[in-house]
Amino acid sequence: MRTCVLLLALCLIALPAIPAVSAAGDETSQLVTLWGAPGDGEGEFNGPYGIAADDSGNVYVVDESNFRIQKFDASGTYRAMWGVEGYSAGGEFNHPTGIAIDPAGTVYVVDNYNHRVQVFDDTGEFLYLWGSYGTGPGEFNLPTDIAIDPSGNVYVTDYANYRIQKFDSSGAFIMAWGSEGSGAGEFLYAEGIAAGPDGSIYVADTQNNRTQKFDPSGTFVRAWGSAGDGEGEFHYPVGIAVDAAGDVYVADWGNNRVQKFDSTGTFLSTWGSFGGGPGEFNGPTGIATGPDGSVYVTEWANNRVQKFTPSLTPVPTTEVPTTPVTTPLGGVGLVGVVLAMTLYARSRKE
């Protein structure tokens, strides 16, 4: 069985670049490769969630329901893995979700159900951790994603506390902002977070169906998005990433697509539709950009990673199908957002 999986992976890596059509007609995204299959072996996944790329192009994937991190090279070749299910010791995970890499290659992982952040070197050697369940400074209630700004500060989406917490690289608390709601600087189960090259902080405000932008001190700058399937509209945005040019990519989970914006929120392009084929998505969850501008997307329900490279070849405008995913996001993971998404999917089927 392992031999068959490896042969399939080699075939997928050899796929030619396949264009995914941009709804704006001004840009396409070329599928470079994809990898992954359901399972618990090397290069297999059980609900891949967060994803990050380091400055050398290595790709790290949070394999949520296998309770581990997997490391690959930029082409998807397996390199290493670490982590086991557990609730206290360093290197043990209880449904990890988010991941970020600093310029030195240090790996920060959000350990969702353990309400903490764990830190490793690039080989998976445990270094230190911080956090516990609660509402105080440095405490968490289902932390979901993590980002590191150019100064090395660490930002965590504190999902069920409706806030963002900021720390230094050692885990010392600096500040927090946010509360429950739909106003500027308020959140409703925000999941994804990313830092721009200028230090700006972008948050996927999931159940408010929008993106919010802040300066490094938490001051609100702007927001964009609303519920829907049109350009700049979202149906439960989950993952978010920013490239070296400052452009913002959002994994639009319920619309099974990726949307791209400039740093002011101006819509640039989109790609993807529901399905299991190359360039299609079933529950796009995590998103990251590599040092060469490549875009990596994890699919929770398809148990795989897809890698895209933008191309500036104009293509015709097309509609983007918005069939909901067939498997609830996060399984036994994020209870609040899972329930909302599951109820919506059922209503669409009835």
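**Entry: Phe214**

I looked up Phe214 and found a relative accessibility of 0%, so I noted Phe214 as buried. I keep in mind that the model is predicted.

**Entry: aromatic pairs**

I searched the whole structure for aromatic pairs. The search returned 26. One of them joins Phe187 and Phe214. Their ring centres are 5.8 Å apart, and the planes stand at 55°. I logged this pair as tilted.

Where do Phe187 and Phe214 lie? Phe187 is in the loop between strand E16 (173-177) and strand E17 (193-195). Phe214 is in strand E19 (residues 210-214). The pair therefore ties together parts that are 27 residues apart in sequence.

Phe187 has a relative accessible area of 0% and is buried.

**Entry: Tyr249 and Trp271**

Next I turned to Tyr249 and Trp271. They form an aromatic pair, 6.4 Å centre to centre. The planes are 70° apart, and I wrote the pair down as edge-to-face.

Which strands hold these two residues? I placed Tyr249 in strand E22 (residues 248-252) and Trp271 in strand E24 (residues 267-271). Because of this, the pair links parts that are 22 residues apart in sequence.

Are Tyr249 and Trp271 buried or exposed? Tyr249 is at 1% relative accessibility, so I counted Tyr249 as buried. Trp271 has a relative accessible area of 2%, and I marked Trp271 as buried too.

**Entry: a cluster**

Last, I looked for a group of rings. Which residues form one aromatic cluster? I listed Tyr108, Tyr128, Trp130, Phe140, Phe167 and Phe173.

Notes. Residues numbered from 1 in each chain as written. Predicted model: local features only at pLDDT ≥ 70, side-chain atom pairs only at ≥ 80, totals over all residues. Heavy atoms only, no water. Phe/Tyr/Trp six-rings, centres within 6.5 Å; stacked < 30°, edge-to-face > 60°. Helix = DSSP H or I, 4+ residues; strand = E, 2+ residues; numbered from the N terminus. Buried < 20%, exposed > 50% of the residue type's maximum accessible area, 1.4 Å probe, protein only.
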